Amino acid sequence: MMGIVDKIKEIDGTKVTVQRENRIFVDVEKERVIGTLYSMKLIGFSQLSVLSVIDRIADNQFEIFYVLYNRDEKVNATVRVWIDRDNPVIETAEKIYPSAHAWEREIAEMFGVKVEGNEEAGKPFILENWNDLPPMRKDFDSIKYSSEHFVFRHSEDKNE
Amino acid sequence: MEKMTQDQVRTIANMLRKRSLWMIHYCTGCGAMELPPTMTSRYDMSRLGLAPFVTSRQADILLITGYLNVKTLRRVITVYEQMLDPKYVIGFGSCALNGGVYWDSYAVIKQLDRYIPADLYIAGCMPRPEAIITAFQDLMDLIDSGKADGYKRYKRDLAYYKENQRKVLG
Amino acid sequence: MSKSYELFIGPNHPGIPGNFSVKIELEGDTVVKAKGDPGYLHRAFEKAMEGRYYIQNLALIPRICVPEPDINEAAYAMAVEDLMGIEIPERAKYIRTIVLELARVANLTFWMGSFAATLGLYTLSQWSFGDRDYALDLFNEICGARVYHMFIWPGGVRRDLPPGWEDRVLDYVKYIKERLVDYDNIFFKNVMFKYRTKGMAVVTKEQAIEWGATGPILKAAGVAQDVRKDDPYAAYGYLDFEIPTLTDGDSWSRAMIRRMELDLSLDLIEQAVKKMPKKGPVCAKMPNPLKGIVPAGETYAKVESARGEHGFYMVSDNTGKPYRVAVRGASHTHMFTIAEKVLIGQRLADVSHTLVSLDICPPEFDR
């Protein structure tokens with residue numbers, strides 16, 4: 001078990017936290033994220049489970065996380081990287097994990113993160129004709145948007 | 001033989017119409033999960049003369065199975081307008097009625113009958129096959145008595161429906 | 001003049017699994033390009049969950065995946081328990097296992113019906129949808145609902161089983177085992193089924209690993225990866241089972257893997273009912289759910305759905321509502337990475353059964 005943690009620690013610039021057995025968190029700098037993912041794949045983390053974003057609005061940062069799985073050691077590791085919220089740019093991981101392509105399209109649409117190198121990121125994916133803030137950001141108010149665009153049914157509407 | 005009045009023709013037409021309703025096979029939401037049991041051996045809606053059908057041009061019933069998000073609404077309106085008269089809409093589940101658990105969602109519309117006229121609603125999430133069968137029987141009664149007139153309302157109040165549609169679809 | 005032309009399959013198409021569209025480009029009737037177009041079922045779950053208390057989210061989560069809602073409840077409950085550091089009672093673990101496996105049986109019988117229907121055999125769908133319904137009756141007994149149960153919740157399960165329920169589950173298992181003989185005779189041993197699926201839509205072992213496949217796609221390619229075995233949750237750690245694998249990775253192997261998984265699930269239910277403690281609490285002692293109880297932290301909880309790895313990534317900031325929940329549906333990767341690649345070169349008539357053989361579940365990736 002400790003073997004895989006040591007292997008991750010050997011990758012340059014990683015800060016490793018072991019939460020419990022088979023759940024590891026790896027914090028890296030923005031510049032090193034692609035290199036780290038590549039090294040992680042070389043030591044056996046061959047499956048990308050989730051790639052998504054957490055909006056850390058209090059720190060004005062986006063946290064991008066990649067949940068990886070190592071089939072041989074049966075370990076999940078989460079690579080976390082913080083980027084600037086005002087200029088959210090991240091390099092694509094689709095060359096390393098092909099399944100990252102669709103997840104990156106999703107984060108580009110839902111959070112407005114620019115993904116360099118992914119041609120389709122930024123094109124409409126799930127939403128259609130969307131012209132407001134990216135909806136998963138914390139400063140997008142879903143209730144306000146709904147009450148502006150849709151009409152709620154109230155009990156007095158019965159006779160309408 | 002005396003000539004039949006227009007009313008008599010309509011009565012006979014409605015009587016025949018309600019006996020062979022075809023439902024378009026469009027699973028707009030998660031309520032579509034209770035349709036396969038309704039269609040197949042256990043609840044078997046064919047015994048009421050109902051059958052699922054693939055194209056909009058030959059179908060009579062449009063089931064809005066649950067929530068409708070804005071992207072689907074555009075397709076539902078197209079499908080509804082492609083269907084030939086007379087056509088009937090059943091709003092299925094709480095979400096079509098008032099948004100249901102998605103009341104605060106930015107993607108889901110809250111009232112189906114602002115965009116297309118609904119003849120009947122089934123409450124609940126999700127309605128059981130028994131409720132669906134009852135709804136079909138109620139719809140037949142409405143057709144028989146000439147009260148299922150959603151398609152006429154759509155023509156009469158087209159400006160109202162189009163304005164609401166434009167407001168969400170842009 | 002262009003040689004190829006575009007065709008939309010879905011969203012209103014009987015051969016598509018749910019409300020979903022695939023845009024394909026054809027030359028003759030051979031697919032040269034396929035592109036999924038999701039979003040017809042987008043309800044903004046992840047946004048809605050941020051605005052609700054943990055207990056309120058229970059009503060939302062089963063709706064993420066319609067054919068098999070219990071996996072969501074289990075993954076959500078496991079994530080919350082992990083953050084709170086709660087160990088659930090033994091009996092609750094077994095009840096969870098039985099419920100999850102029963103849901104898997106319901107899902108797999110449903111899948112068989114849809115798969116046979118896309119191949120043109122409607123007899124099996126009439127049978128299997130009917131047989132699935134008896135499983136829903138059992139759910140109806142424990143929670144009062146057929147489809148969305150909200151039975152598994154943080155701390156254990158919502159209430160104890162009604163008297164005699166275990167026996168009725170065993171009766172159902174026995175019934176399905178009898179029926180499976182008929183299913184085999186009409187479908188799985190059918191020559192037409194073999195002709196239509198052998199060598200179709202192959203995902204080799206290397207491809208499956210590279211593209212990030214999970215579940216039956218990976219097992220059909222020869223990798224025995226299963227969350228139930230690798231990272232046991234509920235009572236799977238106490239049960240004795242082997243993960244079935246095949247080697248070809250084609251449509252036929254995936255169907256047969258699901259057939260074997262059905263046997264495995266029935267076996268697991270029997271084992272769990274036998275080993276389950278007959279008495280005991282079914283829910284750990286939980287604090288008041290409306291106060292901020294879940295400590296700050298991040299976790300990833302995963303379960304094995306009938307389609308593959310289903311996970312919840314949950315971030316809490318100790319305010320009573322989750323700060324962020326990201327849902328991983330197995331179909332996300334299966335559609336946008338795998339199906340878009342394996343559809344190329346298929347004939348038009350095989351598109352819909354290839355999609356069903358990969359078990360694409362649109363609500364999982366639209367969310």
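The following conversation goes through a predicted model, one part after another.

Visitor: How are residues and chains labelled here, and what kind of model is this?

Guide: Residues are numbered from 1 along each chain as its sequence is written, and chains are lettered from A, with ligands numbered from 1, in the order in which they are written. This is a predicted model in which local features need pLDDT of at least 70 and side-chain atom pairs count only at pLDDT 80 or more, while totals for chains, interfaces and linings use all residues.

Visitor: What span should helix α4 of chain C have?

Guide: Helices are DSSP runs of H or I with at least four residues, strands are runs of E with at least two, and both are numbered from the N terminus. The expected span of a helix is 1.5 Å times one less than its number of residues. For the 29 residues of α4(C), residues 90–118, that gives 42 Å, and the end C-alpha atoms are 42 Å apart, which agrees.

Visitor: How many residues of α4(C) are buried?

Guide: A residue is buried if 20 or more other C-beta atoms lie within 10 Å of its own, exposed if 12 or fewer, and partly exposed in between, with C-beta atoms placed from the backbone. In α4(C), 28 of the 29 residues are buried, so the helix is largely enclosed by the rest of the structure. After α4(C) comes Gly120(C), with a positive phi near 95°.

Visitor: Which residues have the most contacts inside the largest nonpolar core?

Guide: A nonpolar core is a set of buried Ala, Val, Leu, Ile, Met, Phe, Trp, Tyr and Cys residues joined through C-beta atoms within 7 Å. The largest has 209 residues, and Val79(A), Ile64(B) and Ile90(B) have the most contacts inside it. The largest share of this core, 17 residues, comes from α4(C).

Visitor: What does Ile64(B) touch?

Guide: Two residues are in contact if their C-beta atoms, placed from the backbone, lie within 7 Å. Not counting residues up to four places away in sequence, Ile64(B) touches several residues, including Val76(B), Ile90(B), Phe92(B) and Leu112(B).

Visitor: Val76(B) is in helix α3(B), then; which residues of that helix are buried?

Guide: They are Val70(B), Lys71(B), Thr72(B), Leu73(B), Val76(B), Val79(B) and Tyr80(B). Their cover includes β1 (21–24), β3 (61–65) and α7 (158–169) of chain B.

Visitor: Now the sheet in chain C: in what order do its strands lie?

Guide: The three strands form an open, antiparallel sheet in the order β1-β2-β3. Strands pair if DSSP finds at least two bridges between them. In chain C, β1 (5–9) and β3 (30–37) stand at the edges with a single partner strand each, so one side of each has no neighbour in the sheet. Strand β2(C), residues 21–27, pairs with β3(C) over seven bridges, and Glu25(C) stands opposite Lys33(C) in β3(C).

Visitor: How many residues do chains A and C bring to their contact?

Guide: Chain A brings 26 residues and chain C brings 28. On the side of chain A, the largest share, seven residues, comes from β3(A).

Visitor: And how many residues of chains C and B are in contact?

Guide: There, 28 residues of chain C are in contact with 29 residues of chain B. On the side of chain C, α5(C) gives the most, with six residues.

Visitor: Last one: is Val18(A) in a helix or a strand?

Guide: Val18(A) lies in strand β1 of chain A, residues 15–20. With 15 other C-beta atoms within 10 Å, Val18(A) is partly exposed. Leaving aside neighbours within four places in sequence, Val18(A) is in contact with Val5(A) and Ile24(A).
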